[in-house]
Amino acid sequence: MPIRRATQDDLAPLSELLDEYRQFYRQQSDLEGARRFLGTRLEHGDSYLLVHEGPAGTLQGFVQLYPLLSTVRLAPLWLLNDLFVAPQARRQGVGRALMLAARELAQAHDVSHLKLATEIDNRSAQALYESLGWQRDTAFCHYGLLFDTQADQD
């Protein structure tokens with residue numbers, strides 16, 4: 001399956017996919033916000049964005065990884081923060097191919113640890129991850145702390 005790094009030329013169709021992804025997680029549609037966010041990622045190069053290209057060059061899915069460091073492991077790790085496949089391309093191996101490409105990219109950068117989180121009731125995603133050898137974390141509880149920001153008020 002044709003998977004490659006995203007470029008600025010992908011910004012419009014990739015923004016539509018990101019907007020759909022956010023709506024999947026119960027966020028209001030914000031196509032312009034998605035475009036700005038992705039444009040900044042591509043400009044700054046602070047994430048790795050891989051896309052799956054379908055027939056006629058249409059983007060069918062993406063995966064986004066963010067580099068981090070593990071103090072405990074004394075090594076780099078990447079957060080696989082986003083995986084999305086367009087509804088019309090699901091059940092065709094696109095998600096699996098994107099996950100495998102993310103793993104290969106991490107290994108090519110000498111990253112020995114990937115991590116991700118998914119909703120507790122997202123059983124289809126969990127089945128995919130587990131079929132690829134990912135293991136549920138049973139050693140740590142994960143927490144979050146949200147702040148109100150100026151961007152939230154605009």
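Analyst: Two strands count as paired if DSSP finds at least two bridges between them. The model here is predicted.

User: What makes β3 and strand β4 a pair?

Analyst: Count the bridges. β3 and β4 (residues 75–85) are joined by 10. At least two are required. The two strands therefore pair, and they run antiparallel. Ser70 sits opposite Ala75 of β4. The hairpin of β3 and β4 has 4 residues between its strands, and Leu74 there takes a positive phi near 55°.

User: How do you know that strand β2 pairs with β3?

Analyst: By the same test, with at least two bridges needed. β2 (residues 48–53) and β3 have 6 bridges between them. So they pair, again running antiparallel. Leu50 faces Val63 of β3 across the pairing.

User: Which residue in the turn between β2 and β3 has a positive phi?

Analyst: Ala56, with a value of about 60°. This hairpin of β2 and β3 has 5 residues between its strands.

User: Why is strand β3 called mostly covered?

Analyst: Buried means under 20% relative accessible area. In β3 (residues 59–70), 9 of the 12 residues are buried. That count is why β3 is called mostly covered.

User: Is Arg41 counted as buried or exposed, and why?

Analyst: Its relative accessibility is 12%. The cut-off for buried is under 20%. Arg41 therefore counts as buried. Arg41 belongs to helix α2 (residues 31–44). Leaving aside residues up to four places away in sequence, Arg41 touches Asp46, Ser47, Leu49, Gln64 and Tyr66.

User: And what class does Ile3 fall into, and why?

Analyst: Ile3 has 25% relative accessibility. Buried needs under 20%, exposed needs over 50%. The value falls in between, so Ile3 is partly exposed. Ile3 is placed in strand β1 (residues 3–5).

User: What does Ile3 touch beyond residues up to four places away in sequence?

Analyst: Leu50, Val51, His52, Ala97, Leu98 and Ala101. Also, the C-alpha atoms of Ile3 and Val94 are 9.2 Å apart, although 91 residues separate the two along the chain.

User: Which residues of α1 and α2 meet?

Analyst: From α1, Leu11, Leu14, Ser15, Glu16, Leu18 and Asp19. From α2, Leu31, Ala34, Arg35, Phe37, Leu38, Gly39 and Leu42. The residues of this contact split into 8 nonpolar, 2 polar and 3 charged.

User: What is the angle between helix α3 and helix α4?

Analyst: α3 (residues 94–108) and α4 (residues 123–131) pack at about 45°, and their axes are 11 Å apart. Roughly parallel means under 35 degrees, while roughly perpendicular begins at 65. The angle lies between those limits, so α3 is oblique to α4. This crossing of α3 and α4 is right-handed.

User: Which residues make the contact of α3 with α4?

Analyst: Gly95, Arg96 and Met99 on the α3 side, with Leu128, Tyr129 and Ser131 on the α4 side. By type, the residues in this contact of α3 with α4 are 3 nonpolar, 2 polar and 1 charged.

Note on methods. Residues are numbered from 1 along each chain as its sequence is written. This is a predicted model: local features need pLDDT of at least 70, side-chain atom pairs count only at pLDDT 80 or more; totals for chains, interfaces and linings use all residues. Side-chain values use heavy atoms; hydrogens and water are left out. Buried means under 20% relative accessible area, exposed over 50%, partly exposed in between (1.4 Å probe, protein chains only). Contact means heavy atoms within 4.5 Å. Ala, Val, Leu, Ile, Met, Phe, Trp, Tyr, Cys and Pro count as nonpolar, Asp, Glu, Lys and Arg as charged, and the others, Gly among them, as polar. Axes are lines fitted to C-alpha atoms, for helices over the stretch in contact, and angles run from 0 to 180 degrees between N-to-C directions. Angles under 35 degrees count as roughly parallel, over 145 as roughly antiparallel, 65 to 115 as roughly perpendicular and the rest as oblique. A crossing is left-handed if the near helix is turned anticlockwise from the far one by less than a right angle, and right-handed if clockwise.
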